Amino acid sequence: MSLVEASANVAVGYGVAVVTQLMVFPWFGLPARLDDALAIGAIFTVVSILRSFLLRRFFEAIRVGGQFRD
């Protein structure tokens, strides 16, 4: 179920990002094209997944007294 939850979180986040871009970009005079919003959303989704993974590993290392402990 953790994989299902994580997948749903990523899918919903991606959808929210795309819709938000389509609404917000025009406020700043930027073109709001669906294909651009899909690509930008995908890039930020990958970055977000990597960020989440690295933070999880960092805090796990602290928890088990790994290399990041003072």
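Reader: How do the axes of H1 and H2 cross?
Author: The axes of helix H1 (residues 2-24) and helix H2 (residues 34-63) cross at roughly 140 degrees and come within 9 Å. Axes are lines fitted to C-alpha atoms over the stretch in contact, with angles from 0 to 180 degrees between N-to-C directions. Helices are DSSP runs (H or I, at least four residues), numbered from the N terminus.

Reader: Where do the numbers come from?
Author: This is a predicted model: local features need pLDDT of at least 70, side-chain atom pairs count only at pLDDT 80 or more, and totals for chains, interfaces and linings use all residues. Residues are numbered from 1 along each chain as its sequence is written, and side-chain values use heavy atoms, with hydrogens and water left out.

Reader: Is the crossing of H1 and H2 left-handed or right-handed?
Author: Right-handed. That means the near helix is turned clockwise from the far one by less than a right angle.

Reader: Which residues in H1 meet H2?
Author: Val-10, Tyr-14, Val-18, Gln-21 and Leu-22. Their partners in H2 include Leu-34, Ala-37, Thr-45 and Ile-49. Contact means heavy atoms within 4.5 Å.

Reader: Switching topic. How much space lies in the largest pocket?
Author: About 500 Å³. The volume is the space filled by probe spheres set on grid points joined across faces, edges and corners. A pocket is an open set of points on a 1 Å grid over the protein atoms alone, where a 1.4 Å probe fits, with protein on both sides within 12 Å along at least five of seven lines.

Reader: Which helix gives the largest share of its lining?
Author: H2, with nine residues. Lining residues have an atom within 4 Å of a point.

Technical notes: Helices (H or I, at least four residues) and strands (E, at least two) are DSSP runs, numbered from the N terminus.
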